[in-house]
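Keep the structure open beside you as you read.

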Amino acid sequence: STATTLAISSTLLLQTTACETSWTRIANELYEKAFDATFNGATYTLCPNTVYGASEAVKIYNSNVVLQCGEDGKLGNNCIVNGGEYQVFISNGLSGAPTEVE
């Protein structure tokens with residue numbers, strides 16, 4: 001009985017951590033990575049059938065950053081990002097990165 005419960009808990013944990021649930025978390029992480037010359041990019045998988053409120057835009061300053069809906073990135077996965085003036089800002093390289101405020 002205990003082993004079965006542990007197996008079910010492990011399965012549920014894997015399912016719930018497979019996609020990004022917070023648009024703000026993605027925005028904050030990518031903003032921090034704008035200053036990191038060692039950052040080689042990342043893939044952010046949005047949760048299918050989810051509406052994300054974009055109170056702030058995700059700003060991409062680095063190369064090799066992928067935002068995709070679901071594991072395969074298909075339109076039918078139905079990820080919706082709404083709100084704000086714009087949802088994603090893509091800069092032309094690090095020359096457009098924000099400067100740090102002291």
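## What covers helix H2

The buried residues of H2 are covered by elements that include strands E1 (42-46), E2 (50-53), E3, E4, E5 (79-82) and E6 (88-90). Helices (H or I, at least four residues) and strands (E, at least two) are DSSP runs, numbered from the N terminus. This is a predicted model, where local features need pLDDT of at least 70 and side-chain atom pairs count only at pLDDT 80 or more, while totals for chains, interfaces and linings use all residues. Residues are numbered from 1 along each chain as its sequence is written, and side-chain values use heavy atoms, leaving out hydrogens and water.

## The buried side of H2

Helix H2 spans residues 23-33, and Trp23, Ile26, Ala27 and Leu30 are buried in it (under 20% relative accessible area; exposed is over 50%, partly exposed in between, with a 1.4 Å probe and protein chains only). These residues lie on the same side of H2 because they cover an arc of only 100 degrees around the axis, taken from the directions from the helix axis to the C-beta atoms. An α-helix has 3.6 residues a turn, so residues three or four places apart point the same way.

## A closer look at Ile26

Ile26, in helix H2, is buried at 0% relative accessibility. Leaving aside residues up to four places away in sequence, Ile26 touches Glu20, Tyr44, Leu46, Val58 and Leu67 (contact means heavy atoms within 4.5 Å). Ile26 and Leu67 are 41 residues apart in sequence, with 9.5 Å between their C-alpha atoms.

## Asn62 in its loop

Asn62 sits in the loop between strand E3 (58-60) and strand E4 (65-69). With a relative accessible area of 12%, Asn62 is buried. A polar atom of the Asn62 side chain lies 3.3 Å from the backbone oxygen of Lys33.

Definitions and conventions
Polar contact = N/O pair within 3.5 Å; in protein donor to acceptor, adjacent residues only side chain to side chain.
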